[in-house]
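Please look over the sequence and the model below. The paragraphs after them go through the structure part by part.

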Amino acid sequence: MKTKHIFLVAFAVVLTSSCAVIRPGEVGIKQKLGQLSDEVNTEGTVYFNPLTSRVIKESTQTKNIKLFLSLPSKEGLSVNSEISILYRLDGNKVASVLKNLGQDYESVITSVFRSAASDVCAKFFAKDMHSGMRAVIEDEILNKMRINLEKQADGIELIAVLMKQIQLPPGLASSIERKLQAEQDAMRMEFVLKQETLEAQRKIINAKGERDAQLIIAEGLTNGIIRIKAIEAFRELSKSNNAKVIITDGKTPLMVNDNQTVTPTSNK
């Protein structure tokens with residue numbers, strides 16, 4: 001009975017050591033006596049001879065390599081940046097990656113990036129890395145990396161190169177801030193001048209309108225209209241209970257109250 005128990009334990013140990021479980025997002029490649037198989041195993045259980053073989057498991061999910069680098073610029077300055085390299089392995093070509101680059105393929109990706117980033121960034125000014133040109137720089141680095149990696153192995157799919165937390169040299173950063181401030185001041189002054197110009201135009205139009213109105217009124221004041229207005233004034237005056245003094249030359253009446261006296265101008 002004891003011997004049977006030992007046999008079952010030994011069998012269980014051998015069984016568990018001779019199988020590998022491939023989880024979702026992984027692939028497995030058998031390596032027998034140091035030679036990699038071209039067959040790719042996906043999700044499930046893979047059995048192998050533990051004495052001569054093993055199963056190498058690699059993730060096919062998107063991975064992120066983070067780097068902190070000092071990148072050169074066209075004017076010879078150094079720009080510090082945090083870099084993210086997004087990539088994933090092509091499950092059907094994992095064997096090619098392992099045969100050509102080994103399991104330490106991330107170090108190869110990093111080396112290829114350093115070379116490509118130095119070549120590309122040296123063609124741009126430091127301020128370009130902190131502006132809308134950043135996307136252009138990222139795309140150029142990515143394309144150059146793809147060309148260089150294809151010479152090494154087929155099976156690494158580069159997704160994106162992201163430049164984050166760009167830190168310009170202190171002197172250049174201050175210069176850019178002053179330039180931006182000057183541009184904002186110029187835009188503000190241009191806005192103020194435009195407002196003043198519009199206000200001046202409004203006043204001119206208003207003055208012209210008043211002048212035209214006075215001319216129209218003056219042209220319409222005939223002697224007959226003046227007499228009619230005088231009669232209307234007398235009628236309104238007769239309705240008032242206040243004491244009034246009327247001075248007239250027989251043609252046009254003028255009203256004088258207690259505070260001021262107005263005399264008519266007669267033409268003789």
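Buried here means under 20% relative accessible area, exposed means over 50%, and partly exposed lies in between (1.4 Å probe, protein chains only). This is a predicted model, in which local features need pLDDT of at least 70 and side-chain atom pairs count only at pLDDT 80 or more, while totals for chains, interfaces and linings use all residues. Residues are numbered from 1 along each chain as its sequence is written, and side-chain values use heavy atoms, with hydrogens and water left out.

The protein has six helices and ten strands; these are DSSP runs numbered from the N terminus, with helices being H or I of at least four residues and strands E of at least two. Of its 268 residues, 25% count as buried. The accessible surface comes to about 18,600 Å², and 54% of that belongs to carbon and sulfur atoms; such areas come from the Shrake-Rupley method with a 1.4 Å probe, and for residues only the protein chains shown count as cover.

The interior can be read through its nonpolar cores, each a set of buried Ala, Val, Leu, Ile, Met, Phe, Trp, Tyr and Cys residues joined through side-chain atoms within 4.5 Å. The largest has 40 residues, and among those with the most contacts inside it are Ile83, Ile85, Ile109 and Phe113. Two or more residues come from each of β2 (26-32), β6 (63-72), β7 (78-89), α2, α3 (105-121), α4 and β8 (156-167). Helix α3 gives the most, eight residues. A second, separate core of five residues includes Ala20, Val46, Phe48 and Val55.

Contact means heavy atoms within 4.5 Å. Leaving aside residues up to four places away in sequence, Ile85 touches residues including Lys63, Ile109, Met145 and Ala160.

In helix α2 (residues 94-101), the buried residues include Val94, Val97, Leu98 and Leu101. An α-helix has 3.6 residues a turn, so residues three or four places apart point the same way. Just after α2, Gly102 takes a positive phi of about 80 degrees.

Arg134 lies in helix α4 (residues 134-152). Is Arg134 buried or partly exposed? It counts as partly exposed because its relative accessibility is 26%. Arg134 and Met163 are 29 residues apart in sequence, yet 7.5 Å apart in space, C-alpha to C-alpha.

Val192, in helix α5 (residues 170-220), is partly exposed, with a relative accessible area of 37%. Together with Met189, Phe191 and Leu193, Val192 makes a nonpolar surface patch of about 400 Å².

Definitions and conventions
Patches are made of residues with over 30% relative accessible area and no salt bridge: like charges are joined within 9 Å, nonpolar side chains (Val, Leu, Ile, Met, Phe, Trp, Tyr) within 5 Å. A salt bridge is a side-chain nitrogen of Lys or Arg within 4 Å of a carboxyl oxygen of Asp or Glu.
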